[in-house]
Amino acid sequence: MNCLECRRELLIDPRNETAGLISHINNCQPCSHEREQLLALENTLESSFNIDVPEGLEDRVLEYSHDEKKSGKVQSGPFAGRVWQMAASIILGIGLLVYLGLNQFSPLSNAYALEATVINHITDELQYLHGSNDISEKKLGNIMTAINTRAMSDIGKLNYASKCQIRKNAGAHLITKGKSGPVTVLVMPGEHIDKEIKITSSRFDGAIYSTAYGSLAIVGEKGEYIPPIAEKMLQNIVPASI
Amino acid sequence: MDMKAKHKHFEMLVRSFSSELYRFGYGLCHNSAQAEDLVQETYLRAWKSFDSLREANSARAWLYTILRRENARIYDRQRPEARAPEALPDVAVRGNDTSVEALVLRKQLNELKMEYREPLMLQVIAGFSTEEIGDIMNISANAVMTRLSRARRMLRESLQLEHMQHSTGTLG
């Protein structure tokens, strides 16, 4: 390699460390100096491009993607969004029914399907996670009555509460606050399980607990310590007849 | 790939590459809000075509390709070259490189034509090879090498000129 070739290579990539280039530089003082200068320029270039990234960018991207996936369009009006959401729900529902139909005799498959249902339910409704509504006792009472359950005493402040559909049964979607962020509580009457099911995803940690009316899912952000919240919810959310 | 695996793979891509895509996007449009929009639109497009992604290894280059297209589709009419570099919003630079050289370099980078700045960003920010940059920009590897070489030469000359003017001004 001669000096001209070496300098051409350095301008293309100053960090180039091919044997021929390094060998030339080790034996040529002017080219070695040229490399040092270009590496200094490269360091300044790197710091110039290395701008701060807005906090929470990844979470916002995921949230936006989920919202748009649900609506099925990049830019859609509220009506179009709702139509797409309904269509998506119908397709998902049919898929889930077919899946359950094929796997109804397998407890393992059922546990897996319920875990997937819980995660999908939460990720489909991420927009409610950071709600700041203070749910009244009356509203909570109405929701719980509608699904034949009741909240016995203070279950803590809820930022969101709504009746929802979980597989074949009506359930309740509640959101409370944990130490690491919002914690979702899904009350799932009719969803009986044999034993506790652990839930883990890249974002969430939680569990589904067996109850007298069916099951109860408690899911928080990664690292949230679930047992105290689970204990409180399990003690206080009971069948309406008790 | 079942839906759960698809979601997990997608989330992994978001967590892995959002930051560098944002930096590349910012380098294209020079506006933090637009850069964030670009990243979001890129991932949304990626999700829509996720089934066409055959090899996990090619995902990164694929995302850059999408982001370039999105930038062209959404913001091409507002190319940053049309704006005065002095008017560009200031952005905090990690590493606190506030040396005169770094400030001058940032100004020169903004003045660099997109055809030179873009391969430079793809190499410095993302570490792509000349072949990969060629694939992303749909030009030959030789053309990439020519542009990288010219970009560095122009930047260095601008810096030297600025340095000379600064020295003359100081002496005068």
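Let's start with one pair of side chains: A:Glu58 forms a salt bridge with B:Arg15, and their closest N and O atoms are 3.4 Å apart. Keep in mind that we are looking at a predicted model. Why might two such residues pair up at all? Side chains of opposite charge can pair when their charged atoms come close.

How many salt bridges does the rule find across the interface of chain A and chain B? It finds five. Residue pairs in polar contact between chain A and chain B, with both partners at pLDDT 80 or more, come to 11.

Which parts of chain A touch chain B? Four helices of chain A each give two or more residues to that side: H1 (3-12), H3 (29-49), H4 (57-71) and H6 (107-124). If you sort the residues on that side of chain A by type, you get 16 nonpolar, 11 polar and 13 charged.

Now the interface as a whole. Here 40 residues of chain A are in contact with 46 residues of chain B. The area buried between the two chains is about 4200 Å², and carbon and sulfur atoms give 62% of that.

Let's follow helix H3 of chain A, beginning with a partner from the other chain. The axes of H3(A) and helix H5 (residues 114-124) of chain B come within 10 Å and cross at roughly 90°. H3(A) and H5(B) are therefore roughly perpendicular to each other. On the H3(A) side, the contact is made by A:Glu42, A:Leu45, A:Glu46 and A:Phe49, while H5(B) brings B:Leu120, B:Met121, B:Gln123 and B:Val124. By type, the residues of this contact are five nonpolar, one polar and two charged.

Next, a partner inside chain A. The axes of H1(A) and H3(A) come within 10 Å, crossing at roughly 10°. Because of that angle, H1(A) is roughly parallel to H3(A). H1(A) contributes A:Cys3, A:Cys6, A:Arg7, A:Leu10 and A:Leu11, and H3(A) answers with A:Pro30, A:Cys31, A:Glu34, A:Arg35 and A:Leu38. This contact of H1(A) with H3(A) has seven nonpolar residues, no polar ones and three charged.

The side chains of A:Glu17 and A:Arg35 meet in a salt bridge, 3.8 Å from N to O. Where do the two sit? A:Glu17 lies in the loop between H1 and helix H2 (19-26) of chain A, and A:Arg35 is in helix H3 of chain A, 18 residues apart, so the pair links distant parts of the chain. Over all chains, a search of the whole structure finds 13 salt bridges.

How values were computed
Residues are numbered from 1 along each chain as its sequence is written. Chains are lettered from A and ligands numbered from 1 in the order in which they are written. This is a predicted model: local features need pLDDT of at least 70, side-chain atom pairs count only at pLDDT 80 or more; totals for chains, interfaces and linings use all residues. Side-chain values use heavy atoms; hydrogens and water are left out. Contact means heavy atoms within 4.5 Å. Buried area is the accessible area (1.4 Å probe) that two parts lose on being put together, summed over both. A salt bridge is a side-chain nitrogen of Lys or Arg within 4 Å of a carboxyl oxygen of Asp or Glu. A polar contact is a pair of N or O atoms within 3.5 Å; within protein, one must be able to donate a hydrogen and the other to accept it, and residues adjacent in sequence count only if both atoms are side-chain atoms. Ala, Val, Leu, Ile, Met, Phe, Trp, Tyr, Cys and Pro count as nonpolar, Asp, Glu, Lys and Arg as charged, and the others, Gly among them, as polar. Axes are lines fitted to C-alpha atoms, for helices over the stretch in contact, and angles run from 0 to 180 degrees between N-to-C directions. Angles under 35 degrees count as roughly parallel, over 145 as roughly antiparallel, 65 to 115 as roughly perpendicular and the rest as oblique.
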